[in-house]
Amino acid sequence: RRSMATLTGEPIIAPVSDRFDRALRDQVEAFQARHGLTVDGHVGERTHLMLMQQLQPDDGPRLLAGEG
């Protein structure tokens, strides 16, 4: 939830829930669509890798466009 808020520029409203609810699923689906990933609302390997790549663009492995 914090990662998605960081990427979208949305405010983080306390308390932050660890619950994977519909709102968070919608954010994940929008992220997947923006990055050419399979839109399923699940943070699988490719979504997680792209998320980390967006948060820390100069660190770690890269997921190339068209591989999702």
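1. Val43 sits in the loop between H2 and H3, helices here being DSSP runs of H or I with at least four residues, strands runs of E with at least two, numbered from the N terminus. One thing to keep in mind from the start: this is a predicted model, in which local features need pLDDT of at least 70, side-chain atom pairs count only at pLDDT 80 or more, and totals for chains, interfaces and linings use all residues. Numbering runs from 1 along each chain as its sequence is written, and side-chain values use heavy atoms, with hydrogens and water left out.

2. Which residues does Val43 touch, leaving aside neighbours within four places in sequence? They are Phe20, Val28 and His48, where contact means heavy atoms within 4.5 Å.

3. Now the overall picture. The protein has three helices and zero strands, so to speak a plain α-α-α pattern when read along the sequence. Of its 68 residues, 22% count as buried. Among contacts between residues at least 6 apart in sequence, 22% join residues at least 24 apart. The accessible surface comes to about 4800 Å², and 52% of this belongs to carbon and sulfur atoms; the areas are from the Shrake-Rupley method with a 1.4 Å probe, and for residues only the protein chains shown count as cover.

4. On to the H2/H3 packing. Two packed helices are described by the angle between their axes and the distance between the axes. Here H2 and H3 (residues 45-55) pack at about 80°, with axes 11 Å apart. Axes are lines fitted to C-alpha atoms, for helices over the stretch in contact, and angles run from 0 to 180 degrees between N-to-C directions. That makes H2 and H3 roughly perpendicular (65 to 115 degrees; under 35 is roughly parallel, over 145 roughly antiparallel, and the rest oblique).

5. What meets what at that contact? From H2 come Val28, Phe31 and Gln32, and from H3 come Thr47, Met50, Leu51 and Gln54. By class, the contact has four nonpolar, three polar and no charged residues (nonpolar: Ala, Val, Leu, Ile, Met, Phe, Trp, Tyr, Cys and Pro; charged: Asp, Glu, Lys and Arg; polar: the others, Gly among them).

6. The charged side of the story is in the salt bridges, of which the structure holds three (a side-chain nitrogen of Lys or Arg within 4 Å of a carboxyl oxygen of Asp or Glu). Arg22 pairs with Asp26 at 2.9 Å between the closest N and O atoms, and with Glu29 at 3.7 Å. Glu29 also bridges to Arg25, at 3.2 Å. Together Arg22, Arg25, Asp26 and Glu29 are linked in a network.

7. Why are Arg22 and Asp26 about one helical turn apart? Because they lie four residues apart in helix H2 (residues 22-34). Glu29 and Arg25 are likewise four residues apart in H2, about one turn. Asp26 is partly exposed at 36%, and Arg25 is partly exposed at 25%.

8. Last, Gln27 is also found in H2. Is Gln27 buried or exposed? Buried, with a relative accessible area of 17%. Not counting residues up to four places away in sequence, Gln27 touches Met4 and Glu10.

How values were computed. Buried means under 20% relative accessible area, exposed over 50%, partly exposed in between (1.4 Å probe, protein chains only).
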